[in-house]
Amino acid sequence: MESYRQGQDLWEIIGGIETTLPKEAEALRKWKIKVGKAMYALKTTVNKEFLEHIRAATTPKEA
């Protein structure tokens, strides 16, 4: 999964490196898209027993 996330340019989001919201509108839009993709990847690959723990998370770092 790490290779997939790196290939999709999501690793910085999931790893917690890109946690600060960008101030520019275009950068913020791209950041939100990346967060959505990262959350989708996490929620569709995690075991069902752990899904309940990350369901309420709004960022990959929280998950």
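Q: Which residues make up the largest nonpolar core?
A: In this predicted model, the largest nonpolar core has nine residues. They are Leu10, Ile13, Ile14, Trp31, Val35, Ala38, Met39, Leu42 and Ala57.

Q: Which helices each supply at least two residues of this core?
A: Helix 2 (11–14) and helix 3 (25–45) do. Helix 3 gives the most, with five residues.

Q: What is alanine 57 in contact with, leaving aside its neighbours within four places in sequence?
A: Alanine 57, itself a member of the core, is in contact with Met39, Lys43, Glu62 and Ala63 once those neighbours are left aside.

Q: How is confidence to be read here, and where in the chain is it lowest and highest?
A: The chain has a mean pLDDT of 81, with 97% of its residues at 70 or more. Confidence is lowest in helix 1 (residues 2–7), where the mean is 73. It is highest in helix 3, at 87.

Q: How many residues does helix 3 have, and what span does it reach?
A: A helix can be checked by setting its end-to-end span against the expected value. Helix 3 has 21 residues, and from its first C-alpha to its last it reaches 30 Å. That is close to the 30 Å expected at 1.5 Å a residue.

Q: Which residues of helix 3 are buried?
A: The buried residues are Trp31, Lys34, Val35, Ala38, Met39, Ala41 and Leu42. They cover an arc of only 160° around the axis, so they lie on the same side of helix 3.

Q: What do the buried residues of helix 3 pack against?
A: They pack against helix 1, helix 2 and helix 4 (48–54).

Q: Which exposed residues are carried by the face of helix 3 turned away from its buried side?
A: That face carries Ala25, Lys32 and Tyr40. Tyrosine 40 has a relative accessible area of 59%, and is exposed because the cut-off is over 50%. Along the chain, tyrosine 40 and proline 60 are 20 residues apart, while their C-alpha atoms are separated by 9.4 Å.

Q: Is arginine 5 buried or exposed?
A: Arginine 5 is found in helix 1. Its relative accessibility is 12%, so arginine 5 counts as buried. Not counting residues up to four places away in sequence, arginine 5 touches Leu10, Trp11, Ile14, Leu42 and Thr45. Arginine 5 and leucine 28, 23 residues apart in sequence, are 20 Å apart in space, C-alpha to C-alpha.

Q: How many salt bridges does a search of the whole structure find?
A: Side chains of opposite charge can pair when their charged atoms come close. The search finds one salt bridge in this structure. The side chains of glutamate 26 and arginine 29 meet in a salt bridge, at 2.8 Å from N to O.

Q: Why are glutamate 26 and arginine 29 separated by about one helical turn?
A: Because they are three residues apart in helix 3. Glutamate 26 is partly exposed, with a relative accessible area of 42%. Arginine 29 is partly exposed, its relative accessible area being 42%.

Q: Where is proline 22 found, and what is in contact with it?
A: Proline 22 is in the loop between helix 2 and helix 3. With 22% relative accessibility, proline 22 counts as partly exposed. Leaving aside neighbours within four places in sequence, proline 22 is in contact with Ala27, Leu28 and Trp31. Proline 22 and lysine 32 are 10 residues apart in sequence, and their C-alpha atoms are 9.6 Å apart in space.

Q: Where is the place of threonine 44?
A: Threonine 44 is in helix 3. With a relative accessible area of 47%, threonine 44 is partly exposed. Threonine 44 and glutamate 62 are 18 residues apart along the chain, and 16 Å separates their C-alpha atoms.

Technical notes
Residues are numbered from 1 along each chain as its sequence is written. This is a predicted model: local features need pLDDT of at least 70, side-chain atom pairs count only at pLDDT 80 or more; totals for chains, interfaces and linings use all residues. Side-chain values use heavy atoms; hydrogens and water are left out. A nonpolar core is a set of buried Ala, Val, Leu, Ile, Met, Phe, Trp, Tyr and Cys residues joined through side-chain atoms within 4.5 Å. Buried means under 20% relative accessible area, exposed over 50%, partly exposed in between (1.4 Å probe, protein chains only). Helices (H or I, at least four residues) and strands (E, at least two) are DSSP runs, numbered from the N terminus. Contact means heavy atoms within 4.5 Å. pLDDT is the predictor's confidence in each residue, from 0 to 100. The expected span of a helix is 1.5 Å times one less than its number of residues. The arc is that of the directions from the helix axis to the C-beta atoms. A salt bridge is a side-chain nitrogen of Lys or Arg within 4 Å of a carboxyl oxygen of Asp or Glu.
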